[in-house]
Amino acid sequence: MTMALPNCILLILLVLLLPSFDQVLSTTYSHSDDDEQNETIKDMINQVCADTVNSESCYSNFQSECANLSSKSPISILNAALKATMTEAQRVITLVTKFSALSINPREQIAIEDCVELLDYSVEELGWSMQEMEKIRNSSIVTHHEGNLKAWLSAALSNQDTCLEGFEGTSGHIERYIRGSLKQVTQLISNVLAMYNTMHSVPAKPHRNRTTTSTWNKLEPEFPTWVLDRDREFVAARLENMNVDAIVALDGSGQFQSIMEAVNQAPNYSERRYVIYVKKGVYRENVELKKKKTNIMLVGDGMGITVISANRNFLQGWTTFRTATFAVSGKGFIARDLTFRNTAGPQNRQAVALRVDSDQSAFFHCSIEGYQDTLYAHSLRQFYRECSIYGTIDFIFGNGAAVIQGCKIFTRQPLPYQKVTITAQGRKDPNQSTGFSIQSSYIYASQPTYLGRPWKQYSRTVYMQTYMSSQVQPRGWLEWFGDFALNTLYYGEYMNYGPGASLSGRVKWPGYHAIHDAVIANFFTVGRFIDGRAWLPSTGVKFQAVVDGDGFVGKGITFRNTAGPSKGQAVAVRTAGDLTTFYKCSFEAYQDTLYTHSQRQFFRECDVYGTVDFIFGNAAVVFQNCNIYARQPNQGQGNMVTAQSKSDINQNTGTSFQNCNILATPDLDSSSFTVKTFLGRPWRAYATVVYMQSFIDRLIDPAGWDPWTSEHLNTLYYAEFNNRGPGSNTSNRVTWPGFHVIDATDAARFTVSNLLIQGHNWLDATKVPYHGGLL
């Protein structure tokens with residue numbers, strides 16, 4: 001209660017000494033200005049102050065800038081606020097730097113260094129926001145601008161909290177001084193973010209040519225034709241076909257023997273993709289890519305093969321922020337086929353394997369391994385695809401806007417009496433566009449496990465279409481302490497499955513939501529939540545942009561992507577809805593035409609056209625009486641009909657072709673088959689594809705199948721049964737352990753009515769004809 005009096009006096013003084021907003025506006029605009037516009041701006045400023053918690057700071061910091069405005073545009077007011085905030089942040093950096101001389105405690109000195117770096121982050125993010133304001137000023141406000149501004153202002157608001165968290169384990173003497181110094185800049189950023197969200201939140205508009213019926217909205221192209229195709233080939237390309245800028249090798253066969261050396265030599269503020277290839281081996285080093293190291297891509301030889309490993313931890317005296325084995329803050333970072341590992345173990349408390357502050361960063365086929373605080377998704381927009389993440393307590397945490405898609409999440413043995421919690425999301429302000437979305441992933445819990453707990457007041461985490469094993473506890477979620485944040489958090493679950501996914505025993509908190517509406521769930525997908533449509537296609541990382549509903553039936557429709565063979569991946573249709581049926585439809589594109597992502601699907605009397613991996617994904621799918629057409633690919637490419645991606649031996653997935661025709665289009669046929677065409681190649685370890693009772697024309701190479709790499713040839717399941725036609729001869733087929741010429745008993749497992757899609761239980765209701773067994 002003793003602290004209330006000074007605040008009250010301050011508020012009285014502010015009211016007495018500061019000019020009212022009526023005065024500010026009257027001095028800012030001439031009487032000849034439009035009165036209605038002036039009144040609107042007045043209302044806006046009053047609204048900003050009314051909607052923010054820190055009203056004193058709002059009046060104090062905006063009044064001088066408003067008084068000097070020469071323009072009456074709302075954008076000008078926002079821009080002035082940003083300038084004032086940047087000035088304050090720069091002043092605080094100078095002040096905080098001086099505190100280093102006041103302490104001899106190593107942990108405190110590290111914490112002070114963190115604070116300076118984090119305030120630098122805020123200044124840079126505010127600078128980006130000002131540049132984006134100029135773009136808005138010179139054009140109409142579009143969703144992409146909105147996504148950028150919200151992401152950058154949200155990050156700038158959180159950095160000060162991380163600064164203060166670094167003083168955990170200290171006497172608190174220096175922290176108290178720094179906390180007071182940070183208060184003003186934190187308030188200013190909060191005000192600017194509230195101002196922007198209140199005045200410039202623009203709802204997304206549906207495409208004018210798209211029907212608004214709920215059924216159609218569940219199927220959309222993978223990559224819109226208008227996105228840039230820069231960098232797509234980097235993630236999709238085979239390693240031997242990539243143009244790399246630097247090679248790191250422990251044995252000396254590259255230009256560098258450490259990753260940090262290669263990073264230091266990389267260009268600063270690069271506008272083009274700079275690729276560093278890290279050869280196999282365990283690199284025992286801490287790596288950090290600062291803000292100036294932009295557009296870097298790190299490529300390894302595979303998860304568990306190229307490993308970056310260290311053991312920094314909290315008990316050694318490091319701040320959590322500094323424990324990271326690998327830390328990246330430069331914009332546009334991409335990682336592929338790597339392992340990030342912290343070996344400190346559960347007894348050493350916080351020990352980060354990967355910390356990410358890189359806006360529009362993407363991680364593909366990476367393993368992130370630790371115990372407590374494994375993945376620190378600290379700030380800005382991040383995407384993780386087909387990664388593995390291991391940990392014990394709060395092992396996915398931070399305040400980034402992160403989508404984790406198609407990933408495997410493994411829990412580990414914690415210390416006695418500890419409870420395993422997957423997420424601890426740190427959203428502190430309701431205006432921040434941050435949170436975690438975990439979609440189409442797999443929770444493999446080996447211990448009693450909770451989906452998350454609220455680290456900060458407005459913590460936001462959603463699980464969608466994700467498998468949850470039996471050790472996920474019935475209540476689902478865990479408190480941080482008492483009733484903290486239970487009213488203000490947003491935790492959601494949508495269409496999850498598995499023994500741990502039942503909602504019947506879930507917590508009853510006001511902030512918990514069992515989501516039943518696909519419209520709500522779509523807010524947390526790549527395209528909406530992290531503005532992924534505007535940047536992920538250029539990285540080359542495949543992503544699922546929408547949530548698919550169950551029971552979709554499409555009849556007599558052509559789905560076409562006209563990007564052409566030179567544009568890389570360009571999906572015509574992606575479907576992930578369960579019990580999905582297509583009848584007499586045509587799917588037309590080149591690379592990656594038909595993305596049969598997941599769940600049970602049936603295609604009858606359809607045509608599918610493409611070149612590379614043009615039927616791919618990890619659904620349980622049967623094609624019956626369909627025509628499969630290979631086209632002329634891009635120069636230097638071969639054709640692969642399938643790229644099935646079963647990644648776990650226990651998954652009931654695979655692709656079956658029954659009574660289909662495997663044919664060449666006229667352009668490919670006229671080439672005298674100088675381009676090789678194969679029935680498929682294994683995208684993942686347990687790829688499963690069966691061709692039976694089908695016509696295979698002469699376009700198919702005698703070997704039949706193509707390896708993705710030398711991996712997976714023992715674990716895949718490729719089979720042929722009773723096919724016909726000049727390309728069906730199996731005498732010269734591959735001799736891999738995983739290839740089989742099967743009999744009728746084995747073939748029957750992949751028919752419509754058997755285990756794969758169990759079509760007899762649901763296809764009758766679609767009115768689509770089908771044959772249940774072998775012909």
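This short talk walks through the sheet, the nonpolar cores and some salt bridges of one predicted model.

A word on ground rules. Local features need pLDDT of at least 70, side-chain atom pairs count only at pLDDT 80 or more, and totals for chains, interfaces and linings use all residues. Residues are numbered from 1 along each chain as its sequence is written, and side-chain values use heavy atoms, with hydrogens and water left out.

Strands here are DSSP runs of E, at least two residues; helices are runs of H or I, at least four; both are numbered from the N terminus. Two strands pair if DSSP finds at least two bridges between them.

Look at one pair inside. Strand 23 (residues 460–464) and strand 25 (residues 490–494) run parallel, joined by five bridges. Thr461 has Tyr491 in strand 25 as its bridge partner.

Now the cores. A nonpolar core is a set of buried Ala, Val, Leu, Ile, Met, Phe, Trp, Tyr and Cys residues joined through side-chain atoms within 4.5 Å. Buried means under 20% relative accessible area, with a 1.4 Å probe and protein chains only; exposed means over 50%, and partly exposed is in between. The largest core has 57 residues, and Phe363 and Tyr384 are among those with the most contacts inside it. Domain 2 (232–391) and domain 3 (395–541) both give residues to this core, so it lies between them. Those bounds come from an automatic or database domain assignment. A second, separate core has 46 residues, including Leu164 and Tyr376.

On to charges. A salt bridge is a side-chain nitrogen of Lys or Arg within 4 Å of a carboxyl oxygen of Asp or Glu. The whole structure has 28. Take Glu117 and Arg322: their side chains meet at 2.5 Å, N to O. Glu117 lies in helix 6 (residues 106–137) and Arg322 in the loop between strand 6 (306–310) and strand 7 (326–328), so the pair ties together parts that are 205 residues apart in sequence. Are these two buried or exposed? Both are buried. Glu117 and Arg322 also belong to a network of salt bridges that includes Asp114 and Lys290.

One last pair. Asp394 forms a salt bridge with Arg453, with the closest N and O atoms 2.7 Å apart. Asp394 and Arg453 are buried too.
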